[in-house]
Amino acid sequence: MDFETKKHIIECLEKDVRYDGRKKDEYREIEFKIGLIETAEGSAYVKCGNTEVIAGVKISVEKPFPDTPEDGILMVGAELLPLSNPKYESGPPDSVAIEVARVIDRGIRESKSIDTKSLCIVKGEKVWSISVDISPINDDGNLIDIGSMAAVAAILNAKFPKYENDKVDYKAKTDSLLPFNKIPVAATVLKLGNNFIIDPTELEQEAADSRLTVTITEDNKLCAIQKGGDGTLSIEDIDKMMSMAIGKSHEIRKHIKQ
Amino acid sequence: MSILVKDKEVVVPGEALADDLGFIPGYGTYRFNNKLLASRLGLVNIEGKVIKTIPLAGKYLPKRNDVVIGRVIDILISGWRCDINSPYTAVLSSKETPEFIEKNDDLSRYFDLDDYVVAKITNVTSQNLIDLTVRDQGLRKLRGGRIISVNTHKVPRIIGKKGSMVTMIKQATNCRIIVGQNGWIYVDGEPQNENIAVLAINKIASESHLSGLTERIKEFLEKETGVKINLEDKGDYNGLQ
Amino acid sequence: MVYSKRLDGRGFDELRPIEAKAGVIKNAEGSAYFRMGKTIAYAAVYGPREMFPKFKQDPKKGVIRCNYNMMPFSGAGERVRPGPSRRSKEISFVTDKALIPTVDLEDFPNAVVDVYIELPQTDAGSRCCGINAAAIALADAGIPMRDIVASVAVGQADNQILVDLTYEEEHLPEYTECESKDVADIPVAIIPSTGQISLLQMDGIIEKDALMKALHKAKEVISKISEVQKNALKEKYAAESIENNE
């Protein structure tokens, strides 16, 4: 980003003004639509400001990993679709896309919200495999937090398909929900100059020096952290950013639960 | 008795506008058999026997003498390549600056990568080579402020008759505003006032079709700034400040 | 033939419920949402913009580049692996060909118009749904074009000519009793103002006479799709025409 644009964004923040009129710790308006994709076992559409994503869950039966023969498989993926932003190109996912997917994946996995042991069908042979995919429709910043919300909401919405005679019958959904109870929330705080903001737009994201994503479990513990961006953070910065993230996570969790 | 649409109606590609050979196809229309059809999304414009469409969407197409805002994306041997929010980039030659630039001078001292400049288009060739100049009053590098992007087809409404609309926003918000014909707009002022100016500009772009636009924008600005606007008090507008 | 009533209760010439919206993706120059029954497509248009890689530039005119992709959770069965497949590449290619005859990019030499088509949910006819969305998105982006291409699949199952087949109908003998095991699926794209065909594919088994009958059926129903496409664009600008009629 050019120097003048960045300088101006920071100057405005110093006077407590964001370009869209929000407070530094204020989220854009969030809208959820749950279960709208019939081909998925669970799905959620989330719109936050101008960022819109769809997350869908597909459930299959796979062979477990040899080192965890009793554990089901959970995988979260995200693709930065060129449909959603002119800066994305088609082709294999680049490191930015991989980071988004990995940070969301780690947050959900490490929160232990999903009981992978209960996804075991036959030890060492067959386990349930849960794939959550996040597809942005329009990207205007903060994909990690919004993608994570959509992924969690889709998991909460998911129902097992029927499994009979070693075959998954995708036509027949059962009534049983996934063993997922506590809701992890990813909250990202950005540092621009000496200012901390949450839920950045694409422009704010590009102007930021550094970023801290914290995933917070329902009992207020931290389960995943990722420092991003080219800049550095002091321990004091991290303290402030964590508090801001934890504070915000309650509000977001309420949205997901509704 | 053979025009099939009303003047100023929104028409879509392939839509029949007239079924009479007596009409002449203008811009954005074509003849197929004995019909006249629209060849892009636009508003119908009927002038005598000529039917054309006025585009509602689409990228900025550069025209000579347009004042545009560009972003430097490359420094060339004797000039700068600029993104002007159009399908093609434009070139600002080092000969087109107010100051004399020596042959081996470091060009980034004048305009650096990612700098925004307000410039005038001097030439557009059939091969889409576009030349810019900054040798005119008000043309320069833009410092501070922010650049916003609007649908280029809404630019005339944002400027208003003889600049009346943009002048009103400038006076109400005390911001410097430069409207590029290419849909990029520079706004610089007190942060809170900038926000009001940007909201007003976006309001014009999205409500340009509704009647009483000036009055509504006036009310909006008065409400947001808390200061009454006297519409008689018009400043001179030359597109720049 | 035994198939006298369609599985979903439609008439043989009847389309699934269709729905369209223009301008749904803020970042794009033009965009659309198109739904045919349970098949949903989004399309976004970016450009005309500079073509990369450069060697693909055409100095005579602009190029249109379509990209069809199914979201991983969009299939009724197993998860669809993300990224291009042979199937998606071929569909992208025929989508290009379906749209090219209508667009006029002579004013944009060396440039590209990128059309991204994403399907969040599918139930047969996904390439047709994608083409319908893409054609609206191109018009919404202000691209010069002679017409808005409309697309539908026709076909035959159990010797019955069908319009806008569902997944079950594409595999009819697996779902209901049939006299004939032959099924044919024929996606078609038509330029409404001329009746010319810009996409024609078929897989399955069919006799020539039946195929011709099916194509005529396609031509009959295409106006319904075309109308929904045009209305989607007009609705976006509805307010504009109100003012201009004042």
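Residues are numbered from 1 along each chain as its sequence is written, and chains are lettered from A and ligands numbered from 1 in the order in which they are written. Because the model is predicted, local features need pLDDT of at least 70 and side-chain atom pairs count only at pLDDT 80 or more, while totals for chains, interfaces and linings use all residues.

**Stop 1: two helices**

Select residues 164-173 of chain B, helix 2, and residues 191-207 of chain B, helix 3. Helices (H or I, at least four residues) and strands (E, at least two) are DSSP runs, numbered from the N terminus. The two axes come within 9 Å and cross at roughly 155 degrees; axes are lines fitted to C-alpha atoms, for helices over the stretch in contact, and angles run from 0 to 180 degrees between N-to-C directions. Helix 2 and helix 3 of chain B are therefore roughly antiparallel (over 145 degrees). Now show Met165(B), Ile169(B) and Thr173(B), which make the contact from helix 2 of chain B; in contact means C-beta atoms, placed from the backbone, within 7 Å. Among their partners in helix 3 of chain B are Ile196(B) and Ala200(B).

**Stop 2: a sheet**

Move to the open sheet of four strands in chain B, with order 1-6-7-3 and mixed pairing. Two strands pair if DSSP finds at least two bridges between them. Select residues 42-47 (strand 6) and 50-55 (strand 7) of chain B: six bridges join these antiparallel strands. Leu43(B) stands opposite Ile54(B).

**Stop 3: chains A and C**

Show the contact of 24 residues from chain C with 29 residues from chain A. Strand 5 (111-121) of chain C is one of the suppliers of at least two residues on the chain C side. Its four residues are the largest share of that side.

Key: Parallel < 35°, antiparallel > 145°, perpendicular 65-115°, else oblique. Contact = placed C-beta atoms within 7 Å.
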